Structures are given as structure tokens and as C-alpha cells.
Amino acid sequence: MESGASVKQRIARISAHLNPPAISQVEGSCGLRTGNCRAKGGSPGFKVAILGAAGGIGQPLVMLMKMNPLVSVLHLYDVVNTPGVTADISHMDTGAVVRGFLGKEQLEDALIGMDLVIIPAGVPRKPGMTRDDLFNINAGIVKTLCEGISKCCPKAIVNLISNPVNSTVPIAAEVFKKAGIYDPRKLLGVTMLDVVRSNTFVAEVLGLDPREVDVPVVGGHAGATILPLLSQVKPPCSFTVEETEHLTSRIQNGGTEVVEAKAGAGSATLSMAYAAVKFADACLRGLRGDAGVVECAFVSSQVTELPFFATRVRLGCNGIEEIYPLGPLNEYERAGLEKAKKELAGSIEKGISFATK
Ligand SMILES: NC(=O)c1ccc[n+]([C@@H]2O[C@H](COP(=O)([O-])OP(=O)(O)OC[C@H]3O[C@@H](n4cnc5c(N)ncnc54)[C@H](O)[C@@H]3O)[C@@H](O)[C@H]2O)c1
């Protein structure tokens, strides 16, 4: 027979994920202690926090990350609904330990000791809106969340999904600079959905399996700043002018295609969660020390005269280990690059001035 005290202790542990202890109650000053976890993960792995975890992207993203064997601890933070999402996800019989955090007063507990922080918090587009229209709301949300990261997990890799990515990444960089913890290798704007869409649409045109196709997408993550390099597709192939124009336009407007089809109910969530997990997994494989992990992302860069730019980057133990140049561009891509840079410059500047005002 077990003693009443040990049964009580077990019950307390079972409900711990829904009622995380205050920061002062956590042993030491940082790091999640296994004693506070509801279940023990099967293998050692990384600690990942998702901020905006109860949203349209957040929920499928959390589910897919709970299935990732590289994750040992998964923290779900949102300003609404995290207890329900956490309880639901925590029933999945995978290794990662799941804990929920609700509201600003629990942000720091959610972030302490994290290796990777993924941010899909904020409002999505409605039909007729550009990503830039989201700036006023999402800029403030990203700033607050990044202040929390500066304080609680300054060495974490940050995957920023909240739009407009072309401005929110510069905002995050300024917040980190102000806190004295900025490491450009660790801040990555997630443009993976543009790559995922490009692979799919190009595979359709070529009659290939999309898993065999790799399209580099450079520039940024909005309209004309999304520049697929169709001359560098793997496997090597060629397109007619009409095909190039059709594909480029469909890739640049892929987000709008979803926003319009959802007719007011939001923007891409399922494909975005898939893309975010594909990207987060690459970051974790890099952290683990895997060789040759290369993906596109919007990062601090010297590839062009702009301070931020999306290109292929190699991921490793410190985040970004190498930023690849653009490679040879054809005439169509060179014209697209000039257009992209012009728009991107304004969005970057907007982010920097918001954060430094
Ligand atoms: N990078 C990309 O490729 C890409 C693609 C699609 C969408 N997005 C962007 O991702 C963001 C989220 O989209 P969604 O469809 O999931 O929106 P959503 O409204 O369904 O979910 C957003 C979640 O963020 C939460 N939230 C709001 N303020 C918060 C705060 N201060 N702290 C923590 N959480 C907060 C909300 O409660 C909500 O649960 C939007 O900005 C959208 O434009 C980016």
C-alpha cells in the first residue's frame, strides 16, 4: 500500500503542468527541474517554448513539436486558452514533457532555460490586408515577448513567425541589442512557408514529387520581397517565361490565396505549422551538431546592402554558422531582386524605428 503522502505527491505532479509554479518556487534561478514535470521524457532533448501556442498556427505547431523526438520539454505560452491546449496535447504518448503558461505574469516561467523559442503570437491577416497592416498590433507583441527572452533565455535560438516578418525581425534585433544580449546567429525570421509552397508549386509544374524538389527563396516574407530563385531549383530544370511568371506570382501571393479562401477566418495555419516544424527541426538538428543543415531564413546579413535579408543559411551548434551568397541570378531574378530590396528597405526601417523610438 502506498502512503497517503506519496499518493498526494503524485497527484500534485500530475496537475503541475496546468498550474506551473511561480518563478520564485522553481529551484535555483534557471532551468526546468524534472521534479516539476508531469511526465518524464523518453530521451534527452531540447527545451522548446512556443509563444502564441493556442492560436491557429500555435495549436498544430504544438502538436507536431510534441511528436518531435529531439524535444524533451515543450512550454506552451499564450494570453488565452493554454490550460485546455496543454491538457489536450499532454495526453499524446510521445516523449516531450508539456507544460502550459497563461498570461503575461507567467511569461518568464515559460521562457526560463529554453534552447529554442518559436513565436507565432499576434494577429493574422484578413482579406484585403497586407502583412504590413498587422504592424501596429504585432510589433508591440513581439517587442514584449523578446524582452522576456532577453531576460530569461538570452542564449536561445529564436524562430520568429509573427508578421510582418520583414519588420518584426529588426524589432527583435533592436530589443536584444538594447538588452546587451544580441547574437545575430540566433535570430531567424521564418520564411520556410515560402520554400514549402515553392517546392509544391514547382513540383506540380514539373510533375515531380515535392519532396524531391528544393527551391531557394530569398529576400523577405511579403509580396514582391519573396523572390524564388527558379534558376537554382534542384533537381536542375528550366522554365518558360510564362511558367516563371506564373510560378513567381503564385509563390509571392500564396499567403493571399489562403487568406481569401478562408474569407475572414485567418491566414495560413496548417501549412505554416508544418513549415515552422520543418524549420525548427532543422535548428534543433543544427544544435545537436548535425552537419550540412541548410535552410532559407530572414536573418542579419551582409549578402546585400540591407541589414537583413533571406538567403540559404547553414545551421549549427550556435545557430547560423554560415550565410550563403545569392549565387548566379538570371535577368528576371536580378530585376526581382531590385524590386524586393526597395520594398524590404522600408519594412526594415519601419521595424528599427519602432523599436528605437
Ligand atoms: N511567417 C510566416 O510565413 C507566417 C505565415 C502565416 C501566418 N503568420 C503570422 O503568424 C501570426 C499568427 O497567426 P495565427 O493564424 O496563428 O493567428 P491566431 O490569431 O489564430 O493566433 C495568434 C495567437 O497569438 C496569441 N497572442 C496574442 N497576443 C499575444 C501575446 N502578447 N503573447 C502571447 N500570445 C499572444 C493569441 O491569443 C492567439 O492564440 C500572425 O502574425 C500571422 O500573420 C506568419
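I started with D78: one of its polar side-chain atoms lies 2.6 Å from an oxygen atom of the ligand. I count a polar contact as a pair of N or O atoms within 3.5 Å; within protein, one must be able to donate a hydrogen and the other to accept it, and residues adjacent in sequence count only if both atoms are side-chain atoms. N163 has a polar side-chain atom 3.0 Å from an oxygen atom of the ligand. At I161 the backbone takes part: a polar atom there is 3.1 Å from a nitrogen atom of the ligand. The protein covers 86% of the 870 Å² of accessible area that the ligand has on its own (Shrake-Rupley method, 1.4 Å probe).

A note on the source: this is a predicted model, where local features need pLDDT of at least 70 and side-chain atom pairs count only at pLDDT 80 or more, while totals for chains, interfaces and linings use all residues. Numbering runs from 1 along each chain as its sequence is written, and side-chain values use heavy atoms, with hydrogens and water left out.

Next I looked up the shell. I found 29 residues around the ligand, and the closest are G56, I57, D78, G122 and V123 (near means a heavy atom within 4 Å). By class, I noted 18 nonpolar, 10 polar and one charged. Here Ala, Val, Leu, Ile, Met, Phe, Trp, Tyr, Cys and Pro count as nonpolar, Asp, Glu, Lys and Arg as charged, and the others, Gly among them, as polar.

Which elements supply at least two residues of the shell? I found β2 (71-78) and α5 (135-152). α5 gives the most, with three residues. Helices (H or I, at least four residues) and strands (E, at least two) are DSSP runs, numbered from the N terminus.

Why does the ligand lie between two domains? Domain 1 (41-189) and domain 2 (192-356) both give residues to its shell, so it lies between them. The bounds come from an automatic or database domain assignment.

Then I checked the backbone. A cis peptide bond joins N163 and P164, with omega about -5°. P164 is in the loop between β5 (157-160) and α6 (165-178). K234 and P235 are also joined by a cis peptide bond, omega about 0°. I placed P235 in the loop between β8 (226-228) and α8 (241-252).
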